[in-house]
Amino acid sequence: KEEYLEAGALRDELSRLHMDDTSAVLRANSDFYGAFSRKDIDLMGAVWLNSPTVQCVHPGAKPLLGYDDIIGMWRSMFQAKDRAFR
């Protein structure tokens with residue numbers, strides 16, 4: 001017996017979940033770049049998962065492990081007097 005209605009409902013639910021995931025990623029990207037451009041440490045802190053297992057990798061640098069180290073790095077960058085980062 002073929003379940004067309006159930007299959008259609010599952011297809012629609014999977015599509016909705018995909019859109020929710022896509023929207024969540026776009027929102028996280030927007031929040032990250034908003035925090036970065038405004039040097040807003042509170043917003044940057046909200047973007048990152050507060051966990052000892054979260055990681056941040058910058059090109060040419062060793063990975064940072066853990067929320068505290070990552071937010072500490074952003075805080076230092078945001079407070080830097082380096083003209084290139086202003």
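Me: Hi! In what order do the elements of the chain run from the N terminus on?

Reply: Hello! They run α-α-β-β-α, and that comes to three helices and two strands. Keep in mind that this is a predicted model.

Me: Got it. And what does the chain span along its principal axes?

Reply: The C-alpha trace spans about 70 × 25 × 25 Å. The radius of gyration tells you something too: the chain has 19 Å, whereas a compact globule of 86 residues would be near 12 Å.

Me: What percentage of the residues is buried?

Reply: Buried residues make up 21% of the 86 in the chain.

Me: Which residues make up the largest nonpolar core?

Reply: Twelve residues in all: Phe-32, Ala-35, Met-44, Trp-48, Val-54, Cys-56, Tyr-67, Ile-70, Ile-71, Met-73, Trp-74 and Phe-78. Helices α1 and α3 each supply at least two residues of this core.

Me: Which helix gives the largest share?

Reply: That is α3, with six residues.

Me: Tell me about α3, then. How many residues does it have, and how far does it reach?

Reply: Helix α3 has 13 residues and reaches 18 Å from its first C-alpha to its last, which is close to the 18 Å expected at 1.5 Å a residue.

Me: Which of its residues are buried?

Reply: Tyr-67, Ile-70, Ile-71, Met-73, Trp-74 and Phe-78 are the buried residues of α3. Looking down the helix axis, you would find them within an arc of 155 degrees, so they line one face of the helix.

Me: Why can residues a few places apart end up pointing the same way?

Reply: An α-helix has 3.6 residues a turn, so residues three or four places apart point the same way.

Me: Why does Trp-74 count as buried?

Reply: Because its relative accessible area is 3%, and buried means under 20%.

Me: I see lots of rings around there. How many aromatic pairs are in the whole structure?

Reply: A search finds five. One of them is Phe-32 with Phe-36, a stacked pair at 6.4 Å centre to centre, with 10 degrees between the planes.

Me: Where do Phe-32 and Phe-36 lie?

Reply: Both lie in helix α1 (residues 4-38), four residues apart, about one turn of the helix. Phe-32 is buried, with a relative accessible area of 18%, while Phe-36 counts as partly exposed at 31%.

Me: Why is the pair of Phe-36 and Trp-74 called edge-to-face?

Reply: Their planes are at 85 degrees, with ring centres 5.8 Å apart, so the pair is edge-to-face. The cut-off for that label is over 60 degrees. This pair also links distant parts of the chain: Phe-36 is in helix α1 and Trp-74 in helix α3 (residues 67-79), 38 residues apart.

Me: Which residues form the aromatic cluster?

Reply: Phe-32, Tyr-33, Phe-36, Trp-74 and Phe-78 form one cluster.

Me: New topic, loops! What is the phi of Lys-39?

Reply: Lys-39 has a positive phi of about 55 degrees, although it is not a glycine. You'll find Lys-39 in the loop between α1 and α2 (41-47). Lys-39 is partly exposed, with a relative accessible area of 28%.

Me: Last one: where is Pro-63 found?

Reply: Pro-63 is in the loop between β1 (55-56) and β2 (64-65). Pro-63 counts as exposed, at 52% relative accessibility. Leaving aside neighbours within four places in sequence, Pro-63 is in contact with Cys-56 and Val-57.

Me: Thanks, that helps!

Methods. Residues are numbered from 1 along each chain as its sequence is written. This is a predicted model: local features need pLDDT of at least 70, side-chain atom pairs count only at pLDDT 80 or more; totals for chains, interfaces and linings use all residues. Side-chain values use heavy atoms; hydrogens and water are left out. Rings of Phe, Tyr and Trp (its six-membered ring) pair if their centres lie within 6.5 Å; planes under 30 degrees apart count as stacked, over 60 as edge-to-face and the rest as tilted. Buried means under 20% relative accessible area, exposed over 50%, partly exposed in between (1.4 Å probe, protein chains only). A nonpolar core is a set of buried Ala, Val, Leu, Ile, Met, Phe, Trp, Tyr and Cys residues joined through side-chain atoms within 4.5 Å. The expected span of a helix is 1.5 Å times one less than its number of residues. The arc is that of the directions from the helix axis to the C-beta atoms. The radius of gyration is taken over C-alpha atoms; the globule rule is 2.2 Å times the number of residues to the power 0.38. Contact means heavy atoms within 4.5 Å.
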